[in-house]
Amino acid sequence: MSSHEHAKYVALLDVAEAIASHSDLSTLIRHLASCLPKVIVTDFLALSLYDAERHAMRLHTLQANVQADVIGGHVLAPDELPAGLVWQTQRPLLVPDLSQELRWPNVIRMMREDGIQSFCYVPLTTAARRLGVLGFGSLRKRAFEECDSTFLMQVGKQVAVAVENALNREAASLSKQEAERQRDRFRLLLRITNAMVSKLDLREVFHAVSATVRELVPQEYTCLVLYDETRQQFRLRALDFQDNPGWLFEGFVADAVDSPATIAVSTKRPVAINHLKELERFGHHVIRMLLDKEFKSMCALPLLSDDRAIGCLTFASRQEEAFPESSIEFLMEVAGQIALAVANALAYQEITELKNKLAEEKLYLEEELRTEQGFENIIGDSKALKQLLKQVEVVAPTDATVLIQGETGTGKELIARAIHRLSGRKERTFVKLNCAAIPSGLLESELFGHERGAFTGAISRKVGRFELADKGTIFLDEVGEIPLELQSKLLRVLQEQEFERLGSTRTIRVDVRLIAATNQDLKSLVDAKEFRSDLYYRLNVFPVTMPPLRERREDIPSLVRYFTQQYAGRMKKRIHTVPLKTLEALSRYAWPGNIRELENLVERSVILTKGTELQVQLGELQIEVSSKTAPTATLHETEREHILGILRESKWVVAGSDGAAAKLGLKRTTLLSKMKKLGISRPLG
């Protein structure tokens, strides 16, 4: 045996002794780096381990016999470095000259920057698993021969056993520590749960939780704040702080800006500030106060209820790095317990406050809707009105759905109330809703109600109109304005008499009679695919049509006298007569705005009247009353001229309180539709 071979065997024995005496992998690699150069030219010794979770090779230790620092932690995919090839093939890799190696350009470039000219990698494998790779690098070209790779394979086998033993010890140690940590956490969480069950007051629960957490996580300041999303403010609900300066009291309100709590609430994720310099970046006055008290780290935990941040639990410590990642999971579990207690407390408080309020609101609505200001009597004695009232007398005692059609301002709501008063439901609630007056996004909530948190802004439960109208009557005005996507749910309520509130899965059953009204041609909307045909047929069970005022001219004098007395009484004026000439002129007018337009005219006239005789500004109706000999205009022409006159008077402004639509008693969209139908457009210039 040659002296060189003998030296190799001695080196192998030395490796075995090093493995037996060094349990730490870094120490073992340093020892090998010092003894192997005696038998083989090596300047660098690297240990790379395979990370199964990332499917990557991680450089664990690099030991250099030249001037260099020990580094580690670099992670690359197996295909990106020579160690990965050795791990995959389980065969040694010998590269005698790096300048000729074209594979792995990035890694080879870094090796050449370190002066490495050649290297040899061998796998680290045991009977149980493939652990990684042991690499040898030299500052000389062709420093390693085939015989060297055989020797280094033997070294690798021994090192593999040491690596496996070290990894097993590390895993066992971590498992034991994790088990102990989990046991402590479960014990503390159990104590917190017991505190929540045994203590009814939220402040008592909070102080018990703060003291319990202090056993595992160092902290000298704990606060619980509730978040007001509308005002973007925090309200202090509970505080555990021995250094409380006095102004930080329960109920204290602060803006939700420039603080860890603000970030935690907005992101719904915990925020840990573990260094003084990071904490100093925040300008909130509470943070500045804590900095003055020498606090150096802070952790803010959002309190989540139904995926909504209702507040924040904040801990602060005078130690740096008091809230490592390992503690955040436990603290989030604590925050979850606190969030449950807070949500229950808020719900209990809300229920207590709203229980009587909801009952009073329902009674108020019933009384208010029964006695709502309006014209209880339907005025008139015309043939058209008598025919309508006969239909009302026939359908009222039944529970059939009634569809009231007619132009705007004809008094459809009065007929709906008359049907309710003549029905068997007259002692119950009459609930009305103008579907055109509610934004389409809120109409479903208005009809069927919603649960707390069903959507942004739903801070409390809301009872819908159908639920309020249970055992009574609901009147849906402008039913043609209901969006298509909501019509199917309305149809289900009409057919099944059941629905669910927004944000709820509980089915609510009701007994409601529906009266609908519209000034649109629903059949045309059905043909245009803008209204569901099945809903139309369900509404059209018993249709009645309100006659326009121009078809019941003989009722105009009675209506004028009735409105005059009503408004004179309200304004405390004594108006006893209406000139016959005025009544004749008003009776000849076409009244495109119907009774609503007549009512508005009379109200304006009562305001302007001085004396006991009603003074009507007939000049406003000059087009219609100027000449008895003029040829009779068609309805189309009359309506067109009247709308043109109002548009000119309003300087062609359609919308707004002074616009033509308001003066005509029409919706802006209705007026625009009529203008298009009548061929009216704004003149140029």
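In what order do the 6 strands of the open sheet that includes S7 stand? I found the order S9-S8-S7-S12-S11-S10, with antiparallel pairing. I keep in mind that this is a predicted model.

**Entry 1: the edges.** I looked for the strands at the rim of this sheet. Strand S9 (253-255) and strand S10 (271-273) each have a single partner strand, so one side of each has no neighbour in the sheet. I also noted the twist, which averages 25° from one strand to the next.

**Entry 2: the helix on this sheet.** I checked helix H7 (residues 260-267) and saw that it packs on the sheet. H7 touches S7, S8, S10, strand S11 (297-305) and strand S12 (308-317), and its direction makes about 145° with that of S12.

**Entry 3: strand S7 and its partners.** I followed S7 (residues 221-228) to S8 (residues 233-241): the two run antiparallel and are joined by 8 bridges. Leu226 stands opposite Arg235 in S8, and Asp228 has Gln233 in S8 as its bridge partner. S7 and S8 form a hairpin with 4 residues between them, and in the turn Gln232 has a positive phi of about 55°. I then turned to S12, which runs antiparallel to S7 and is joined to it by 6 bridges. Val225 stands opposite Cys312 in S12. A reminder to myself: strands of a sheet pair through backbone hydrogen bonds.

How many of the 8 residues of S7 are buried? I read off 6, so S7 is largely enclosed by the rest of the structure.

**Entry 4: another open sheet.** I looked up the sheet with the order S3-S2-S1-S6-S5-S4, which has 6 strands and antiparallel pairing. Its edge strands are S3 (75-76) and S4 (93-95), and each pairs on one side only. Strands S1 (residues 44-51) and S2 (residues 56-64) run antiparallel, with 8 bridges between them. Here Leu49 stands opposite Arg58 in S2. Helix H2 (residues 25-35) packs on this sheet, touching S1, S2 and strand S6 (130-138), and its direction makes about 50° with that of S2. Helix H3 (residues 82-89) packs on the sheet too, touching S1, S2, S4, strand S5 (118-125) and S6.

**Entry 5: Asp43.** I found Asp43 in the loop between H2 and S1.

Conventions
Residues are numbered from 1 along each chain as its sequence is written. This is a predicted model: local features need pLDDT of at least 70, side-chain atom pairs count only at pLDDT 80 or more; totals for chains, interfaces and linings use all residues. Side-chain values use heavy atoms; hydrogens and water are left out. Two strands pair if DSSP finds at least two bridges between them. Contact means heavy atoms within 4.5 Å. Axes are lines fitted to C-alpha atoms, for helices over the stretch in contact, and angles run from 0 to 180 degrees between N-to-C directions. Buried means under 20% relative accessible area, exposed over 50%, partly exposed in between (1.4 Å probe, protein chains only).
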